[in-house]
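User: Here is a structure I want to go through label by label. For each term, set the value against its cut-off and then conclude.

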Amino acid sequence: MIANISSGKDTAGLIRYLYGPGRANEHTDPHLVASWDGYAPDPGRTADAAATRKLLVADLDLRVRQAGDRAPQRHVWHCSLRATSEDRLLTDEEWAEIARRVVHATGIAPDGDPDGCRWVAVRHADDHIHIAATTVRGDLRKARHWNDYLNAGHELESVEKDYGLHQFIRGDRTAAKRPSRAEQEKAHRTGRPQPAREQLRTTVRTMVSASANPEEFVRLLQDTDGVLVEVQHFPSGDIRGYKAALAGDVNAAGEPVWFSGSKLAPDLSFPKIRERLSATEAPEPNSKPHPWHQATATAERIPHRLEQKDDNASQAHLAALGEALDALPLIAPTSLRPNLHQAATAFERATRSRIRPDHQRSRALRGAVRAMLREPTPRDGAALAMFLDAALLAVIAAVRWHEKHHNQQQVLAAQQALVPLQAAYNDAARAPLASLANRRPPRPAAERHAEVIRHTVPEHADGILNSTSWDALATALSDARAAGHDPARLLKHAADQRALDDARSPARVLIWRIERMSQRPAPSARARAAQARSTAITRHTPRPQAAAAVAVLAERPVNRRHR
C-alpha cells in the first residue's frame, strides 16, 4: 500500500475534487468511509451534494477560523492511500480502520486525543482512499505531524501484514537520486553504458574507498581519466566542496554538466566525505598483522557489532563495509571485477539509513582497507577469498539489521549484493581450496582432526565431515600443527568467533579462519603453560573470581611479544 502526502491552502478545493468526477471521469460513487467523530456530513449520500459539501468544508475549517492569524497558511493535509494491483478489494469498513491507523500514526489525530485534528476519509474508487484534514487542533495549536511520510510508511507495513496485502518496498529518503528519463535517453543516444550521474557516483565512491584523507580524495578524483573536477574553497583556503562532470558530457550550450557530491548521493557531499575520512585509522608500521588479515578480522566482527544496541556504530560499520566492497575491484583479478563491481553497486543502498553513523567506531576496518590497497595482492588468492568469506557473512548480518529497523529498500539491496558476491567468492576460493585439498594429510591425522571437529562443533560436525571442503580443512589443521599451534585450540577459537549458522559452508569458514590464525607466531612453551593455567582457573573457579585471576595472569610479564 502506497501513501502520498501533500499540503495545501484550500479545503473547499480539495473536497470539491474528491467528490467531483475526476480529471478523466474516473471517480465513481464518492462517499465518506470515516471521519474524526463518525458524524461528518457526507455529500455522496445526500440529494443536495453542493450544499452538503459546503457544510463539510465549514466543519473541517472550524478550528482554522477560530485560530485566525495563528493558523498555518498551508493548513490542509492531504494523504492518499492506494492498494496495489495485486491486493484484494478492501471493504469500506477496512479502509475506515486503515484511515484511523494512519491519522494516529502521523500525529494528525492520535487515538484518545480529544483535541486531534478534524479529518475525513473519502473513497471514490475501488483501490484507494483520500484523507483530508485541517492541521489546527482543538486547543488551536498546530498539529505535530513531522516525519508524517515515514510514520505513515511504518504503519502501512503493519497494515499490509495484518490484512494480508502485498508487501511494498519503501524508502526512507536516503537513497541516491535516480537518473531522470532525459539522462537515460542521453546516455543511450551518446553510447554511454550508464547515465553520467551513475558513472560519476561509482567513480567518486571508489576514490573515497581508496583515500586516506580528504586531500587525497580530491587529488585522486582530479587524476581520474575522463572526469572533470572543480573544487570550491573557503576564503581561508580550506576545501568547501567539489563538483564533477564527465568529459564530453555537455548541455545545449556546450558546457559540462556538473554534479555536486550531494547530487550524486547523500553521503558523497564533501562534508560527509571529510567526516568519514577524518575517522580513518592510520596503519602503524610493524605493529599490526598483514593488512589483508587485519581487514578480514575486522570484517568478521561486523555481525557481532550489528547485534549490539549502538545503532550509530552499527550504521558506521555498514558504511565502512560498503567502502571495502567499493575498493575490491581496484585490486582483485580481472576475472572477478564484474561480480565485485555489481556487488558493491547493489550494496551501496544498504550503506545509508536515517540513523547517523558514528564513523569513529569503524576506524579499524576503514584503516585496514586503505592499508590493504597499498600492499601487493597475494598471488595465491587465499587472502582475497578469506576477506570475501567474511564479507558474505557481514552482508547477511546487514540484511537482518535492516530488517530489524524496517529499512526495506536496504534489505533488498543487501540481498541483491549477495548473489554476485557469492559468485566472486566461489571463483576466488577455487584455486586455494584445491591446493589445500591436494595436500590432504594421512588418514590417521585426518581422523584425529575429525574427532576434534566432533568435540568442538558437534552441531555442525556431520555437515563439515561430509562436505567437499573437508580435505582442505584437514590440511589447514595439519599445517597449523606443523607451525606449532594447537589445532583444537585454534578450531575452538575459530568456531567461537564466527556465526557458522549463516554460512553456506561452515567448513570453508573454518578453513579461512584457521589459515589466517595459523600464520601468526606460535605461542612459546611458557605462553602455552599460562594459557593452560588460565583455562584451569576458568573451569574450576566461580565466575567473578575467575575473571580476577585471569586479570592477574594478564599482568605477568609472560612472553608479551605473542600476546
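**Labels and their grounds**

User: Why is N438 called exposed?

Analyst: Exposed means over 50% relative accessible area, buried means under 20%, and partly exposed lies in between (1.4 Å probe, protein chains only). N438 has 65% relative accessibility, so N438 counts as exposed. N438 is found in the loop between α16 (408–437) and α17 (443–456). Its C-alpha lies 58 Å from that of A83, and the two are 355 residues apart in sequence.

User: What kind of model is this, and how are residues numbered?

Analyst: This is a predicted model: local features need pLDDT of at least 70, side-chain atom pairs count only at pLDDT 80 or more, and totals for chains, interfaces and linings use all residues. Residues are numbered from 1 along each chain as its sequence is written, and side-chain values use heavy atoms, with hydrogens and water left out.

User: Why does N147 count as partly exposed?

Analyst: N147 has 44% relative accessibility, so the label is partly exposed. N147 is found in the loop between β5 and α4 (148–162). Phi of N147 is near 55°, a positive value in a residue other than glycine.

User: And what makes H406 partly exposed?

Analyst: The relative accessible area of H406 is 42%, so H406 is partly exposed. H406 is found in the loop between α15 (382–404) and α16. Phi is positive here too: near 60° for H406, in a residue other than glycine.

User: What counts as a helix or a strand, and how many does the protein have?

Analyst: Both are DSSP runs, numbered from the N terminus: helices are H or I with at least four residues, strands are E with at least two. The protein has 23 helices and eight strands.

User: How do you know that β4 and β5 pair?

Analyst: Two strands pair if DSSP finds at least two bridges between them. Six bridges join β4 (residues 118–123) to β5 (residues 128–134), so the pair qualifies. The two strands run antiparallel. V122 stands opposite H130 in β5.

User: Why are β1 and β2 called edge strands?

Analyst: The open sheet of five strands has the order β1-β3-β5-β4-β2, with antiparallel pairing. β1 (2–8) and β2 (31–35) each have a single partner strand, so one side of each is left without a neighbour in the sheet. Neighbouring strands of this sheet are turned by 20° against each other on average, direction ignored.

User: What makes α1 a helix that packs on the sheet?

Analyst: Contact means heavy atoms within 4.5 Å. Helix α1 (residues 11–19) touches β2, β3 (76–82), β4 and β5. The direction of α1 makes about 165° with that of β5. Angles run from 0 to 180 degrees between N-to-C directions, with axes fitted to C-alpha atoms, for helices over the stretch in contact. Helix α2 (residues 49–67) also packs on the sheet, touching β4 and β5. The direction of α2 makes about 150° with that of β4.

User: How many residues does the protein have, and what share is buried?

Analyst: Buried residues make up 50% of the 563 residues.
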